[in-house]
Amino acid sequence: MSDRDVPFQLDVNGAVVTVEGHPMARLLDVLRTQLHLTGTKEGCGEGECGACSVLLDGRLVNSCLVPLAHAAGARIVTIEGLASGEQLHAVQRAFIEHGGAQCGICTPGMVMAAADLLQRNPEPTLDDIRTGLAGNLCRCTGYMRIFEAVVAAMRQGAAT
């Protein structure tokens, strides 16, 4: 802890935690280093790739762009918090079953974006899915398996 570090209280995946850091520290770094939630990935560090996507008070955000001070008191859901105990979220299961996960760098952000999309729009069209995942970049799958996984999750009732 440095002289500039201050305590912040966060609600992460349903647990209230206190972390210490500079107010401008990136939420991504706090999640990964202090809370050891390494499912949230750093791809570009500039908010362009979506690998670090989390839900902040119900809104999908790039955690590499969120200052710790902005996250104080917020309800944060990471990829680790999307599952219910040992039961994977329908989107997580669909990504596994349909080959939507390849190298794993984009997968957490894609899953978070897909879950957010299906929560907001339980029956998206393929164009809606493309738009909903547009902020997430993947270099491995060519996107078709990812889109198929989102459609499968939709059919499984992922929004409920």
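**Exercise 1.** In this predicted model, find which helices the buried residues of α7 pack against.

*Solution.* The buried residues of α7 pack against α4 (90-97), α5 (107-120) and α6 (126-132). To see which side chains are involved, list the residues of α7 with under 20% relative accessible area. These buried residues are Ile 146, Phe 147, Ala 149, Val 150, Val 151, Ala 152, Ala 153 and Met 154.

**Exercise 2.** Compare the span of helix α7 with the expected one, then look at what follows the helix.

*Solution.* Step one: α7 covers residues 144-155, which makes twelve residues. Step two: at 1.5 Å a residue, the expected span is 16 Å. Step three: from the first C-alpha to the last, α7 reaches 17 Å, close to that value. Step four: Gly 157 follows α7 and has a positive phi, near 75 degrees.

**Exercise 3.** Describe the largest pocket and explain why it lies between domain 1 and domain 2.

*Solution.* Start with the volume: the largest pocket holds about 190 Å³ of space. Next, inspect the lining, which includes Cys 44, Cys 49, Cys 103, Cys 106, Cys 138 and Cys 140. Sorted by class, the lining has nine nonpolar residues, one polar and two charged. Finally, domain 1 (6-79) and domain 2 (90-155) both contribute lining residues, so the pocket lies between them.

**Exercise 4.** State how many cavities of 30 Å³ or more the structure holds, and describe the lining of the largest cavity.

*Solution.* There is one cavity of 30 Å³ or more. The largest cavity has a volume of about 30 Å³. Its lining includes Leu 28, Glu 42, Asn 62 and Cys 64. By class, the lining of this cavity consists of five nonpolar, five polar and two charged residues.

Methods:
Residues numbered from 1 in each chain as written. Predicted model: local features only at pLDDT ≥ 70, side-chain atom pairs only at ≥ 80, totals over all residues. Heavy atoms only, no water. Helix = DSSP H or I, 4+ residues; strand = E, 2+ residues; numbered from the N terminus. Expected span 1.5 Å × (residues − 1). Buried < 20%, exposed > 50% of the residue type's maximum accessible area, 1.4 Å probe, protein only. Contact = heavy atoms within 4.5 Å. 1 Å grid on protein atoms, 1.4 Å probe; cavity = no way out; pocket = protein on both sides within 12 Å on 5 of 7 lines; lining within 4 Å. Points joined across faces, edges and corners; volume = space filled by probe spheres on them. Nonpolar A, V, L, I, M, F, W, Y, C, P; charged D, E, K, R; others polar. Domains from an automatic or database assignment.
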